[in-house]
Amino acid sequence: MPKTPKQFEDMRTERRVSILEAALHVFAEEGYHSASISKVSKYAKISKGLLYNYFESKEELLKILIGSLIDDEIKMLNSILEKPLTEDSFIQLINESVKTIKKYPKQWKLYFSMSLQDEVQEIMKDKHSPLQGLFAERFIQFFKDKSHENPLQQMQYFMTFFTGMKNSYIMQPKTYPIEEMKQLMIKQFITS
């Protein structure tokens, strides 16, 4: 019995998801530059030729994997940063970021491992540029309202701590006490 157009489209969507999951696994485990389309297709249990029917290149796979992660992060940040930061919205931002990193650890591992590579810098530049000014403005104002001597430096200190916490979790997801670290961060930067 021939497949309906809807069944055909559902199969195509499932296959794309399967290939992206395979690429994520291979990139995260072996590193992007060591990975090959052959390894991705083998992990996805399809031929290399079939993979090329869905994606043009390894670069396209990377762009989709990291781009979608960044898109989700930007959407969350935009919804919180549309108004000036309050203690509650700052805590919400931290909670949502931690929830996201726990939900997508392989994507974040790939992102962190690739974040200094030209390919990822290009993706980030296109997506992050509009948000960076607003992000800095909201955080500097928050720390100014908290009467910090140097709000810019306090924002940079917070970002260093926050990025380090996320990176530590990615490196040791089973043992790093991210929930406890999150509470310490909230206490140090927001409620004290």
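**Architecture and local features**

Modeller: In this predicted model, residues 24 or more positions apart account for 69% of the contacts in the chain with a separation of 6 or more.

Biologist: How many helices and strands are there in the chain?

Modeller: Read along the sequence, the pattern is α-α-α-α-α-α-α-α-α. The C-alpha trace spans about 70 × 35 × 30 Å along its principal axes. The count for the chain is nine helices and zero strands.

Biologist: What percentage of the residues of the chain count as buried?

Modeller: The accessible surface comes to about 11400 Å², and 52% of that surface belongs to carbon and sulfur atoms. A residue counts as buried under 20% relative accessible area. Of the 192 residues, the buried share is 39%.

Biologist: How far apart are the end C-alpha atoms of helix 1, and what span should its residues give?

Modeller: Helix 1 covers residues 5-30. At 1.5 Å a residue, its 26 residues should span 38 Å, which agrees with the distance between its end C-alpha atoms, 37 Å.  After the helix comes G31, which has a positive phi, near 90 degrees.

Biologist: Which helices are included in what covers the buried residues of helix 1?

Modeller: The buried residues of helix 1 are I19, L20, A22, A23, L24, V26, F27 and A28. Their cover includes helix 2 (37-44), helix 3 (48-54), helix 4 and helix 6.

Biologist: Are helix 1 and helix 4 roughly parallel or roughly perpendicular to each other?

Modeller: Helix 4 comprises residues 58-81, and its axis lies 10 Å from that of helix 1, at an angle of about 95 degrees. Angles of 65 to 115 degrees count as roughly perpendicular. The two helices, helix 1 and helix 4, are therefore roughly perpendicular.

Biologist: How do the residues of the contact of helix 4 with helix 6 divide?

Modeller: From helix 4 the contact takes L62, L65, I66, L69, I70 and E73, and from helix 6 it takes Q107, W108, L110, Y111 and M114. These residues divide into nine nonpolar, one polar and one charged.

Biologist: Is Q107 buried or exposed?

Modeller: Q107 lies in helix 6, residues 105-114. Leaving aside neighbours within four places in sequence, Q107 is in contact with L24 and L69. Its relative accessible area is 19%, and the cut-off for burial is under 20%. Q107 is therefore buried.

Biologist: What is the relative accessible area of R138?

Modeller: R138 is found in helix 7, residues 118-145. Apart from neighbours within four places in sequence, R138 is in contact with L81, E82, K83, P84 and L85. R138 is buried, with a relative accessible area of 15%.

Biologist: Where is H148 found, and how accessible is H148?

Modeller: H148 is found in the loop between helix 7 and helix 8 (151-171). Beyond its neighbours within four places in sequence, H148 is in contact with F143 and Q154. H148 counts as partly exposed, its relative accessibility being 29%.

Biologist: What separation is there between the C-alpha atoms of T160 and D10?

Modeller: T160 is placed in helix 8 and counts as exposed, at 59% relative accessibility. T160 and D10 are 150 residues apart along the chain, and their C-alpha atoms are separated by 43 Å.

Biologist: What is phi of K45, and what is phi of S147?

Modeller: Most residues other than glycine have a negative phi. K45, in the loop between helix 2 and helix 3, is exposed at 76% relative accessibility. S147, in the loop between helix 7 and helix 8, is exposed at 64%. Neither is a glycine, yet phi is positive: about 60 degrees for K45 and near 65 degrees for S147.

Key. Residues are numbered from 1 along each chain as its sequence is written. This is a predicted model: local features need pLDDT of at least 70, side-chain atom pairs count only at pLDDT 80 or more; totals for chains, interfaces and linings use all residues. Side-chain values use heavy atoms; hydrogens and water are left out. Axes are lines fitted to C-alpha atoms, for helices over the stretch in contact, and angles run from 0 to 180 degrees between N-to-C directions. Helices (H or I, at least four residues) and strands (E, at least two) are DSSP runs, numbered from the N terminus. Angles under 35 degrees count as roughly parallel, over 145 as roughly antiparallel, 65 to 115 as roughly perpendicular and the rest as oblique. Buried means under 20% relative accessible area, exposed over 50%, partly exposed in between (1.4 Å probe, protein chains only). Contact means heavy atoms within 4.5 Å. Accessible areas come from the Shrake-Rupley method with a 1.4 Å probe; for residues, only the protein chains shown count as cover. The expected span of a helix is 1.5 Å times one less than its number of residues. Ala, Val, Leu, Ile, Met, Phe, Trp, Tyr, Cys and Pro count as nonpolar, Asp, Glu, Lys and Arg as charged, and the others, Gly among them, as polar.
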